[in-house]
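Here is a short report for someone meeting this structure for the first time.

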Amino acid sequence: MTLIVEGLTIDHGAIRAINNVSFKVPQGQLAAIIGANGAGKTTLLRTLSGLKKSKAGSATWDGHSILDKRTEDLARSGIVHVSDGKSVIAELSVKENLALPGIWRKDKKDVAMATTEVIEMFPILGQRLSQSAGSLSGGERQMLAIGRALIARPKLLLLDEPSLGLAPLIVEQIFLIIKSLVTKKDLTVVLVEQNAMGALKIADEGIVLNLGSVVAVDSANKLLNDPAVRAAYLGF
Amino acid sequence: MNQFITAVLTSLSTGAIYALMSISLVLVWRSTRVINFAQAAQAVLTTYIGYEVITRSGSFWLGLIVAVIAGGIIGAGIDRLFMRQIFKRASSGPIAMIAPVVATTALLGVIYSLIGFIWGISYKTIEAPVSTNGLSIFGSVVAFSPFNLLVIITVTLSMIVLTILFQKTNIGLALRASAHAPEISRLSGVKVDAVRTLGWAIAGGAGSLAGMLYIPGSYLYPNSMAVLLVFGFIAAVIGGLDSLFGAVAGAMVLGFAINFSASYISYKLVFPTAFVILILVLLIKPNGIFSSSKGRRD
């Protein structure tokens, strides 16, 4: 199973947000899409999860097109997107947030198992099960959002800015968990990040976006050590 | 003392009916951000259907069940065939806000005309299963009837069923999640469109139940539930528009205020009381006194 994006072009109103973007993410790899604010990273991810329509190009997962599908059907088939802004439902309890994928998943035993795994991974969620998600801190919300996605048993996880607005220590913790998901569970992850250094440190491959176009694709290590890329796009 | 107890009981009974109408408005509002003005016409239409069933079968309860089911089907149908198209075609700009309001108002008129076309505009009555005459307590007749008691019991039972549905079942979780955060729900694999249609169906059923419990103490004619729609709406606003608990609480506040002012001062105060409360709530706590919106903003 591979995510293959070819010539993808997306308009945001009258503005071309993503222009002729191509890349591949093989199964079990972590790809980091990095770039400044406004580079089109979020738009790209929203299109891959069916929240936004594309203008041209293709995107396939496991040989099937994912561009003309509904978001909820993609989620059910294992392409799960954790949107930015710590996407939890504030009005529901932590437990209810985690229960959402259990509504449609047939294998209730595995739902229970996945829930236990998530609570072991993020013990703080276990202590806050009956609290409303709106009362959680930013880091806890991000854990809840990722945890909920994992209970859907994703094959391809799309993560939008999980580090946004979090304290450095929490960011490090969340990045380590994302890394462990890829190595332990053979999960494929597309990680969109402004925190380029943090993302490239855990990623296998890096894709640098600038104003809607791909300006560099390489192994994450090489990008980290390429002085030209560092100076132009990574800012360190 | 007698007057006080009677006022409390009638307040509960009228409040219970407002609560049903209020719930049906809130259910639609919180899942689609539409005030369904057509709800009054839907309730009247299904009450006419209930009336036909009762006339033929002689059973009030059969008529009530048929009316509630019909209300659910009509509610779901309006969402699937009508509202969904409007949301698709008028999805952005000022028209996206206006179109649903115009559409439900138009639908109100269309259903009213349809009713007039089929049943005419004459007054009809629905025989209640128990007496609608006031009870006689210590030799004096009070304004509270056995039917009023039945209304309180029926509505209480429906509230219990709805509470269990919303709080304890997966369907209820899907309904709440989709109402609060449709995008996150979709990303979690919830079929938000189907859930929304179900919300319209439950709303339609609740509205129909309100109609079937309201008419036996009154008359059935095409415009017979305009007042119920207005009071249901006021109750929903008092309750914060997006909270089911608020809808019930708002309806009770309204029921008590109306009945006590009518009982102790003058029946002419029914409408002024309702609107004064509405204005006070909007002035003092515009988000409603029981709004469910909460959460840390950071």
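Between chain A and chain B the count is five salt bridges. The model is a predicted one. One of these bridges joins the side chains of Glu96(A) and Arg176(B), at 2.8 Å from N to O.

Which elements of chain A touch chain B? Helix H2 (71–76), strand E6 (79–82), helix H3 (94–104) and helix H6 (138–151) of chain A each supply at least two residues of that side. H3(A) gives the largest share, seven residues. Sorted by class, the side of chain A that touches chain B holds 13 nonpolar, eleven polar and nine charged residues.

In terms of contact, 33 residues of chain A meet 23 residues of chain B. The area buried between the chains is about 2,300 Å². Carbon and sulfur atoms give 57% of that area. Three residues stand out on chain A's side: Glu72(A), Glu91(A) and Ile103(A) supply 25% of the area that chain A buries against chain B, more than any other three residues.

Now to the strands of chain A. Four of them form an open sheet, in the order E2-E1-E4-E5, with antiparallel pairing. Strand E2 (15–26) and strand E5 (64–65) of chain A are the edge strands, and each pairs on one side only.

Helix H1 (residues 41–48) of chain A lies across E1, E2 and strand E4 (56–61) of chain A. H1(A) runs at about 115° to E1(A).

Strands pair through backbone hydrogen bonds, either parallel or antiparallel.

| Strand pair | Bridges | Direction |
|---|---|---|
| E1(A) (residues 2–12) and E2(A) | eight bridges | antiparallel |
| E3(A) (residues 30–34) and E9(A) (residues 205–210) | four bridges | parallel |
| E9(A) and E10(A) (residues 213–219) | six bridges | antiparallel |

Individual residues mark these pairings. Ile33(A) stands opposite Ile207(A) in E9(A). Glu205(A) has Ser219(A) in E10(A) as its bridge partner.

What do E9(A) and E10(A) form? They make a hairpin, with two residues between them. Leu211(A), in the turn, has a positive phi of about 45°.

Note on methods:
Residues numbered from 1 in each chain as written. Chains lettered and ligands numbered in written order. Predicted model: local features only at pLDDT ≥ 70, side-chain atom pairs only at ≥ 80, totals over all residues. Heavy atoms only, no water. Contact = heavy atoms within 4.5 Å. Buried area = accessible area lost by both parts, 1.4 Å probe. Salt bridge = Lys/Arg side-chain N within 4 Å of Asp/Glu carboxyl O. Nonpolar A, V, L, I, M, F, W, Y, C, P; charged D, E, K, R; others polar. Pairing = 2+ DSSP bridges. Axes fitted to C-alpha atoms, helices over the stretch in contact; angles between N-to-C directions.
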